[in-house]
Amino acid sequence: MGELRAARALPSQERLSLLDAALFELQHVVDVLWPRYEELAAASPRPGGGRGGPQEQQLLRALFQRMPVAAVLLDRESVVRRMNFAATQLFNTRAGYATGRPLTASLRRDGQAALRSQVAAVARGEGDRSLTVRLSQPSADGEARVTLAALRPPGEPHPAVLAAFQPGMAGHPAGAGTAAGAWHAESRPDLAEVTRHAQLLDLVDDMTTALLKVALDGGGPEPVLVRAAQVLHGRFADWVIADLAPETGSDAPRRVVVLGPPDAAGDRTESLAKQDPAGCPLVVDALSDGVSALRVGQPDADAFGRDATGAPVLVREEVTSLLCIPLRTSATDPVRGALTLFRTGGRAAFEMAEAGAADRISRHIALTMPRTTPRTPAAET
(Lines give C-alpha, C1' and ligand atoms only; values in the text may rest on other atoms or scores of the structure.)
Protein backbone atom coordinates (compact mmCIF):
# COMPACT_ATOMS: atom_id res chain seq x y z
CA MET A 1 0.00 0.00 0.00
CA GLY A 2 2.85 2.39 0.73
CA GLU A 3 4.46 1.68 -2.62
CA LEU A 4 1.19 2.23 -4.47
CA ARG A 5 0.68 5.59 -2.74
CA ALA A 6 4.22 6.66 -3.58
CA ALA A 7 3.70 5.71 -7.23
CA ARG A 8 1.48 8.73 -7.77
CA ALA A 9 4.41 11.08 -7.17
CA LEU A 10 6.75 9.31 -9.61
CA PRO A 11 7.19 10.21 -13.26
CA SER A 12 5.11 8.09 -15.61
CA GLN A 13 8.14 6.24 -17.03
CA GLU A 14 9.12 5.00 -13.51
CA ARG A 15 5.67 3.94 -12.37
CA LEU A 16 5.60 0.68 -14.33
CA SER A 17 8.55 -0.92 -12.49
CA LEU A 18 7.12 0.05 -9.10
CA LEU A 19 3.66 -1.24 -10.05
CA ASP A 20 5.22 -4.55 -11.12
CA ALA A 21 6.82 -4.90 -7.67
CA ALA A 22 3.52 -4.09 -5.95
CA LEU A 23 1.67 -6.63 -8.05
CA PHE A 24 4.27 -9.26 -7.14
CA GLU A 25 3.64 -8.62 -3.43
CA LEU A 26 -0.13 -8.80 -3.91
CA GLN A 27 0.21 -12.10 -5.78
CA HIS A 28 2.16 -13.48 -2.81
CA VAL A 29 -0.75 -12.47 -0.56
CA VAL A 30 -3.24 -14.23 -2.83
CA ASP A 31 -1.21 -17.43 -3.28
CA VAL A 32 0.28 -17.92 0.22
CA LEU A 33 -1.04 -15.67 2.93
CA TRP A 34 -4.75 -15.82 2.15
CA PRO A 35 -4.99 -19.67 2.06
CA ARG A 36 -2.98 -19.81 5.27
CA TYR A 37 -5.35 -17.33 6.89
CA GLU A 38 -8.32 -19.48 5.85
CA GLU A 39 -6.70 -22.56 7.44
CA LEU A 40 -6.09 -20.71 10.70
CA ALA A 41 -9.62 -19.32 10.74
CA ALA A 42 -11.11 -22.77 10.16
CA ALA A 43 -9.01 -24.30 12.94
CA SER A 44 -9.71 -21.62 15.54
CA PRO A 45 -12.43 -22.33 18.15
CA ARG A 46 -15.79 -20.77 17.44
CA PRO A 47 -17.87 -18.90 20.03
CA GLY A 48 -20.48 -21.03 21.75
CA GLY A 49 -18.40 -24.21 22.08
CA GLY A 50 -17.23 -25.40 18.66
CA ARG A 51 -15.22 -28.50 18.21
CA GLY A 52 -12.42 -26.98 20.28
CA GLY A 53 -14.71 -25.56 22.97
CA PRO A 54 -13.85 -26.63 26.51
CA GLN A 55 -17.46 -27.52 27.36
CA GLU A 56 -17.81 -29.83 24.39
CA GLN A 57 -14.42 -31.39 25.09
CA GLN A 58 -15.54 -32.18 28.65
CA LEU A 59 -18.79 -33.64 27.34
CA LEU A 60 -16.95 -35.90 24.88
CA ARG A 61 -14.57 -37.09 27.59
CA ALA A 62 -17.49 -37.91 29.88
CA LEU A 63 -19.28 -39.79 27.10
CA PHE A 64 -16.15 -41.79 26.33
CA GLN A 65 -15.61 -42.75 29.97
CA ARG A 66 -19.26 -43.68 30.62
CA MET A 67 -19.91 -45.75 27.51
CA PRO A 68 -21.09 -49.27 28.49
CA VAL A 69 -18.83 -50.70 25.76
CA ALA A 70 -15.12 -51.22 26.45
CA ALA A 71 -13.39 -48.62 24.28
CA VAL A 72 -9.65 -48.03 23.85
CA LEU A 73 -7.99 -45.28 21.82
CA LEU A 74 -4.82 -46.60 20.13
CA ASP A 75 -2.07 -45.15 18.00
CA ARG A 76 -0.91 -46.88 14.83
CA GLU A 77 1.55 -49.02 16.86
CA SER A 78 -1.31 -50.42 19.03
CA VAL A 79 -0.10 -48.41 22.04
CA VAL A 80 -2.88 -47.34 24.43
CA ARG A 81 -3.55 -43.60 24.45
CA ARG A 82 -6.80 -43.62 26.40
CA MET A 83 -8.98 -46.31 27.99
CA ASN A 84 -12.50 -45.93 29.34
CA PHE A 85 -13.86 -47.39 32.57
CA ALA A 86 -15.48 -50.43 30.93
CA ALA A 87 -12.16 -51.31 29.27
CA THR A 88 -10.28 -51.15 32.59
CA GLN A 89 -12.74 -53.72 33.98
CA LEU A 90 -12.42 -55.94 30.92
CA PHE A 91 -8.60 -55.97 31.03
CA ASN A 92 -8.41 -55.76 34.84
CA THR A 93 -5.98 -52.86 34.87
CA ARG A 94 -5.79 -49.17 35.70
CA ALA A 95 -6.12 -46.67 32.86
CA GLY A 96 -3.04 -44.77 34.04
CA TYR A 97 -0.91 -47.90 33.98
CA ALA A 98 -2.17 -49.09 30.59
CA THR A 99 -1.55 -45.73 28.90
CA GLY A 100 1.68 -45.79 26.90
CA ARG A 101 1.86 -49.59 26.81
CA PRO A 102 0.92 -51.87 23.90
CA LEU A 103 -2.58 -53.31 24.18
CA THR A 104 -1.35 -56.58 22.66
CA ALA A 105 0.21 -57.44 26.03
CA SER A 106 -3.34 -58.10 27.25
CA LEU A 107 -4.04 -60.62 24.49
CA ARG A 108 -2.98 -64.20 23.96
CA ARG A 109 0.09 -64.63 21.80
CA ASP A 110 -1.77 -66.24 18.91
CA GLY A 111 -3.79 -63.05 18.34
CA GLN A 112 -1.25 -60.29 18.99
CA ALA A 113 0.17 -60.07 15.48
CA ALA A 114 -3.31 -60.00 13.92
CA LEU A 115 -4.43 -57.06 16.06
CA ARG A 116 -1.21 -55.13 15.37
CA SER A 117 -1.54 -55.55 11.61
CA GLN A 118 -5.24 -54.65 11.57
CA VAL A 119 -4.70 -51.53 13.70
CA ALA A 120 -1.90 -50.42 11.38
CA ALA A 121 -4.13 -50.98 8.33
CA VAL A 122 -6.95 -48.90 9.83
CA ALA A 123 -4.50 -46.11 10.74
CA ARG A 124 -3.25 -46.09 7.13
CA GLY A 125 -6.79 -45.36 5.96
CA GLU A 126 -7.61 -48.81 4.58
CA GLY A 127 -11.06 -48.87 6.17
CA ASP A 128 -12.74 -50.00 9.38
CA ARG A 129 -12.80 -53.69 10.29
CA SER A 130 -13.45 -56.16 13.11
CA LEU A 131 -11.86 -59.36 14.33
CA THR A 132 -12.00 -61.85 17.20
CA VAL A 133 -9.31 -61.74 19.88
CA ARG A 134 -8.60 -63.88 22.93
CA LEU A 135 -7.83 -62.18 26.19
CA SER A 136 -4.82 -63.32 28.19
CA GLN A 137 -6.90 -62.54 31.28
CA PRO A 138 -10.21 -64.06 30.19
CA SER A 139 -13.62 -62.67 30.92
CA ALA A 140 -16.57 -65.03 31.21
CA ASP A 141 -16.05 -66.34 27.66
CA GLY A 142 -12.35 -65.57 27.17
CA GLU A 143 -12.99 -64.09 23.71
CA ALA A 144 -14.15 -60.71 22.46
CA ARG A 145 -15.11 -59.12 19.18
CA VAL A 146 -13.13 -55.93 18.56
CA THR A 147 -14.23 -53.33 16.03
CA LEU A 148 -11.58 -50.88 14.78
CA ALA A 149 -12.39 -47.44 13.37
CA ALA A 150 -10.10 -44.59 12.31
CA LEU A 151 -10.35 -41.22 14.06
CA ARG A 152 -8.68 -37.89 13.36
CA PRO A 153 -8.15 -36.13 16.72
CA PRO A 154 -8.23 -32.32 16.40
CA GLY A 155 -4.82 -30.73 16.06
CA GLU A 156 -2.93 -34.01 15.52
CA PRO A 157 -1.10 -34.92 12.30
CA HIS A 158 -1.71 -38.67 12.45
CA PRO A 159 -4.98 -40.59 12.76
CA ALA A 160 -5.81 -42.66 15.83
CA VAL A 161 -7.74 -45.93 16.02
CA LEU A 162 -10.77 -46.49 18.27
CA ALA A 163 -11.10 -50.13 19.37
CA ALA A 164 -14.47 -51.23 20.79
CA PHE A 165 -14.48 -54.63 22.54
CA GLN A 166 -17.64 -56.74 22.85
CA PRO A 167 -17.09 -59.72 25.19
CA GLY A 168 -18.99 -62.92 24.44
CA MET A 169 -19.58 -62.06 20.77
CA ALA A 170 -16.77 -64.05 19.15
CA GLY A 171 -19.25 -66.09 17.07
CA HIS A 172 -21.49 -63.13 16.20
CA PRO A 173 -19.98 -60.60 13.80
CA ALA A 174 -21.43 -57.14 14.08
CA GLY A 175 -24.88 -57.05 12.54
CA ALA A 176 -25.33 -60.85 12.41
CA GLY A 177 -28.40 -61.15 14.59
CA THR A 178 -26.84 -59.74 17.75
CA ALA A 179 -27.09 -56.14 18.85
CA ALA A 180 -23.71 -54.42 18.57
CA GLY A 181 -22.33 -53.62 21.98
CA ALA A 182 -24.47 -56.21 23.75
CA TRP A 183 -23.15 -57.29 27.14
CA HIS A 184 -24.09 -60.15 29.37
CA ALA A 185 -27.29 -59.39 31.18
CA GLU A 186 -25.92 -60.60 34.48
CA SER A 187 -22.41 -60.04 35.78
CA ARG A 188 -21.05 -62.63 38.18
CA PRO A 189 -17.71 -62.40 39.95
CA ASP A 190 -15.02 -64.49 38.30
CA LEU A 191 -13.59 -66.86 40.93
CA ALA A 192 -10.25 -67.14 39.12
CA GLU A 193 -9.96 -63.36 38.90
CA VAL A 194 -10.77 -62.93 42.58
CA THR A 195 -8.18 -65.57 43.46
CA ARG A 196 -5.49 -63.85 41.36
CA HIS A 197 -6.31 -60.51 42.96
CA ALA A 198 -6.00 -62.00 46.45
CA GLN A 199 -2.67 -63.57 45.52
CA LEU A 200 -1.31 -60.25 44.31
CA LEU A 201 -2.44 -58.54 47.52
CA ASP A 202 -0.68 -61.25 49.56
CA LEU A 203 2.48 -60.78 47.49
CA VAL A 204 2.51 -57.00 48.01
CA ASP A 205 1.86 -57.48 51.74
CA ASP A 206 4.64 -60.06 52.13
CA MET A 207 7.05 -57.83 50.19
CA THR A 208 6.26 -54.81 52.38
CA THR A 209 6.79 -56.84 55.54
CA ALA A 210 10.12 -58.22 54.29
CA LEU A 211 11.37 -54.77 53.22
CA LEU A 212 10.47 -53.23 56.58
CA LYS A 213 12.40 -55.95 58.40
CA VAL A 214 15.51 -55.59 56.24
CA ALA A 215 15.36 -51.79 56.56
CA LEU A 216 15.59 -52.13 60.35
CA ASP A 217 18.77 -54.19 60.00
CA GLY A 218 20.51 -51.42 58.04
CA GLY A 219 23.25 -51.94 55.46
CA GLY A 220 23.49 -51.02 51.81
CA PRO A 221 21.08 -51.62 48.95
CA GLU A 222 22.35 -55.17 48.32
CA PRO A 223 20.51 -56.76 51.29
CA VAL A 224 17.32 -55.01 50.19
CA LEU A 225 17.56 -56.41 46.67
CA VAL A 226 18.45 -59.90 47.88
CA ARG A 227 15.49 -60.04 50.27
CA ALA A 228 13.09 -58.67 47.66
CA ALA A 229 14.30 -61.25 45.14
CA GLN A 230 13.72 -64.04 47.64
CA VAL A 231 10.09 -62.97 48.11
CA LEU A 232 9.45 -62.87 44.34
CA HIS A 233 11.37 -66.02 43.45
CA GLY A 234 9.24 -69.05 42.74
CA ARG A 235 5.81 -67.70 43.66
CA PHE A 236 5.90 -64.85 41.12
CA ALA A 237 8.73 -65.57 38.69
CA ASP A 238 11.08 -68.42 37.79
CA TRP A 239 14.07 -66.09 37.44
CA VAL A 240 14.68 -62.92 39.49
CA ILE A 241 17.60 -60.69 38.54
CA ALA A 242 18.48 -57.38 40.23
CA ASP A 243 20.99 -54.77 39.03
CA LEU A 244 22.23 -51.55 40.63
CA ALA A 245 22.53 -48.33 38.66
CA PRO A 246 25.95 -46.61 38.40
CA GLU A 247 26.69 -44.32 41.33
CA THR A 248 28.73 -41.84 39.26
CA GLY A 249 29.27 -41.18 35.59
CA SER A 250 32.45 -43.26 35.59
CA ASP A 251 30.88 -46.32 37.25
CA ALA A 252 29.17 -49.22 35.50
CA PRO A 253 25.96 -50.98 36.49
CA ARG A 254 26.41 -53.92 38.85
CA ARG A 255 24.56 -57.21 39.03
CA VAL A 256 23.61 -57.87 42.64
CA VAL A 257 21.50 -61.01 42.77
CA VAL A 258 20.40 -63.83 40.47
CA LEU A 259 17.85 -66.45 41.55
CA GLY A 260 16.77 -69.18 39.14
CA PRO A 261 14.89 -72.49 39.06
CA PRO A 262 16.28 -75.39 41.09
CA ASP A 263 17.54 -77.16 37.97
CA ALA A 264 19.51 -74.03 36.97
CA ALA A 265 21.76 -74.05 40.04
CA GLY A 266 25.41 -74.01 39.07
CA ASP A 267 26.73 -72.95 35.67
CA ARG A 268 23.53 -71.38 34.35
CA THR A 269 22.96 -69.24 37.42
CA GLU A 270 26.64 -68.36 37.69
CA SER A 271 26.82 -67.26 34.05
CA LEU A 272 23.94 -64.84 34.56
CA ALA A 273 25.50 -63.56 37.79
CA LYS A 274 28.74 -62.77 35.90
CA GLN A 275 26.94 -61.21 32.92
CA ASP A 276 27.60 -57.50 32.35
CA PRO A 277 24.29 -55.60 32.76
CA ALA A 278 25.53 -53.10 30.16
CA GLY A 279 25.14 -55.88 27.59
CA CYS A 280 21.40 -56.29 28.31
CA PRO A 281 19.36 -53.77 26.25
CA LEU A 282 16.31 -54.05 28.51
CA VAL A 283 18.37 -53.34 31.64
CA VAL A 284 20.17 -50.44 29.94
CA ASP A 285 16.83 -48.86 28.96
CA ALA A 286 15.51 -49.28 32.50
CA LEU A 287 18.61 -47.80 34.16
CA SER A 288 19.26 -44.93 31.76
CA ASP A 289 15.77 -43.87 30.68
CA GLY A 290 13.50 -45.43 33.32
CA VAL A 291 11.75 -47.53 30.67
CA SER A 292 9.78 -50.54 31.92
CA ALA A 293 9.09 -53.52 29.65
CA LEU A 294 6.45 -56.23 29.58
CA ARG A 295 7.20 -58.83 26.91
CA VAL A 296 5.07 -61.86 26.10
CA GLY A 297 6.29 -64.41 23.55
CA GLN A 298 9.73 -62.77 23.36
CA PRO A 299 10.20 -61.38 19.83
CA ASP A 300 13.83 -60.28 20.34
CA ALA A 301 16.18 -63.06 21.38
CA ASP A 302 18.97 -60.58 22.27
CA ALA A 303 16.84 -58.32 24.49
CA PHE A 304 18.64 -59.63 27.59
CA GLY A 305 22.03 -60.16 25.99
CA ARG A 306 24.07 -63.35 25.65
CA ASP A 307 25.93 -65.64 28.04
CA ALA A 308 29.67 -66.41 28.00
CA THR A 309 29.22 -69.01 25.24
CA GLY A 310 27.42 -66.53 22.98
CA ALA A 311 23.94 -68.06 23.39
CA PRO A 312 21.00 -65.64 23.84
CA VAL A 313 19.88 -65.82 27.47
CA LEU A 314 16.17 -65.71 26.64
CA VAL A 315 16.50 -68.60 24.20
CA ARG A 316 18.69 -70.67 26.49
CA GLU A 317 16.24 -70.39 29.39
CA GLU A 318 13.11 -70.75 27.20
CA VAL A 319 11.67 -67.50 28.52
CA THR A 320 8.00 -67.08 27.56
CA SER A 321 7.37 -63.72 29.23
CA LEU A 322 9.39 -61.15 31.16
CA LEU A 323 9.14 -57.95 33.17
CA CYS A 324 11.95 -55.42 33.44
CA ILE A 325 11.14 -52.55 35.82
CA PRO A 326 13.27 -49.58 36.95
CA LEU A 327 13.60 -49.11 40.69
CA ARG A 328 12.72 -45.52 41.60
CA THR A 329 10.37 -43.81 44.01
CA SER A 330 8.63 -41.62 41.38
CA ALA A 331 8.83 -40.73 37.71
CA THR A 332 10.97 -37.65 38.48
CA ASP A 333 13.47 -39.36 40.80
CA PRO A 334 16.68 -41.01 39.60
CA VAL A 335 16.66 -44.72 38.88
CA ARG A 336 18.35 -46.73 41.65
CA GLY A 337 18.39 -50.09 39.88
CA ALA A 338 16.48 -52.53 37.70
CA LEU A 339 14.45 -55.64 38.55
CA THR A 340 14.03 -58.29 35.84
CA LEU A 341 11.61 -61.23 36.14
CA PHE A 342 11.42 -64.26 33.81
CA ARG A 343 8.71 -66.87 33.42
CA THR A 344 9.68 -69.99 31.52
CA GLY A 345 8.21 -73.19 30.11
CA GLY A 346 4.47 -73.75 30.45
CA ARG A 347 3.91 -71.16 33.16
CA ALA A 348 1.25 -68.54 32.38
CA ALA A 349 2.57 -65.28 30.93
CA PHE A 350 2.66 -62.07 32.94
CA GLU A 351 -0.64 -60.18 32.82
CA MET A 352 -1.06 -56.41 32.96
CA ALA A 353 -2.52 -56.66 36.47
CA GLU A 354 0.61 -58.52 37.60
CA ALA A 355 2.79 -55.94 35.88
CA GLY A 356 0.94 -53.21 37.80
CA ALA A 357 1.58 -55.01 41.10
CA ALA A 358 5.27 -55.42 40.22
CA ASP A 359 5.44 -51.69 39.42
CA ARG A 360 4.13 -50.85 42.91
CA ILE A 361 6.57 -53.33 44.46
CA SER A 362 9.45 -51.66 42.61
CA ARG A 363 8.60 -48.32 44.22
CA HIS A 364 8.54 -49.95 47.66
CA ILE A 365 11.98 -51.47 47.00
CA ALA A 366 13.38 -48.10 45.89
CA LEU A 367 12.02 -46.42 49.03
CA THR A 368 13.76 -49.01 51.21
CA MET A 369 17.15 -48.78 49.46
CA PRO A 370 19.55 -46.47 51.35
CA ARG A 371 20.83 -43.41 49.54
CA THR A 372 24.50 -44.24 50.04
CA THR A 373 25.92 -47.43 48.63
CA PRO A 374 28.75 -49.09 50.57
CA ARG A 375 31.31 -50.72 48.28
CA THR A 376 30.83 -54.38 49.15
CA PRO A 377 31.09 -57.43 46.88
CA ALA A 378 27.93 -58.28 44.94
CA ALA A 379 25.76 -61.00 46.40
CA GLU A 380 25.30 -63.90 43.98
CA THR A 381 22.89 -66.67 44.81
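Q: How many aromatic pairs does the structure hold, and what counts as a pair?
A: Rings of Phe, Tyr and Trp (its six-membered ring) pair if their centres lie within 6.5 Å, with planes under 30 degrees apart called stacked, over 60 edge-to-face and the rest tilted. The structure holds three such pairs. One of them joins Phe-236 and Phe-350, a tilted pair at 5.6 Å centre to centre with 50 degrees between the planes. Phe-236 lies in the loop between α8 (221-232) and β6 (239-244) and Phe-350 in the loop between β10 (337-344) and α12 (352-368), so the pair ties together parts that are 114 residues apart in sequence. Helices (H or I, at least four residues) and strands (E, at least two) are DSSP runs, numbered from the N terminus.

Q: What should I keep in mind about the model and its numbering?
A: This is a predicted model, in which local features need pLDDT of at least 70 and side-chain atom pairs count only at pLDDT 80 or more, while totals for chains, interfaces and linings use all residues. Residues are numbered from 1 along each chain as its sequence is written, and side-chain values use heavy atoms, with hydrogens and water left out.

Q: Are Phe-236 and Phe-350 buried or exposed?
A: Buried means under 20% relative accessible area, exposed over 50%, and partly exposed in between (1.4 Å probe, protein chains only). Phe-236 counts as buried at 4% relative accessibility, and Phe-350 is buried with a relative accessible area of 1%. Another pair, Phe-304 with Phe-342, is edge-to-face, at 5.1 Å centre to centre and 85 degrees between the planes. Both Phe-304 and Phe-342 are buried.

Q: Which charged end sits over the ring of Phe-236?
A: A charge sits over a ring if NZ of Lys or CZ of Arg is within 6 Å of the ring centre and within 35 degrees of the ring normal. Here the charged end of Arg-343 sits over the ring of Phe-236, 5.3 Å from its centre.

Q: Which residues touch the most other members of the largest nonpolar core?
A: In soluble globular proteins, nonpolar side chains tend to be buried together. A nonpolar core is a set of buried Ala, Val, Leu, Ile, Met, Phe, Trp, Tyr and Cys residues joined through side-chain atoms within 4.5 Å. Of the 65 residues in the largest one, Phe-91, Phe-165 and Ile-365 touch the most other members. The largest share of this core, eight residues, comes from α12.
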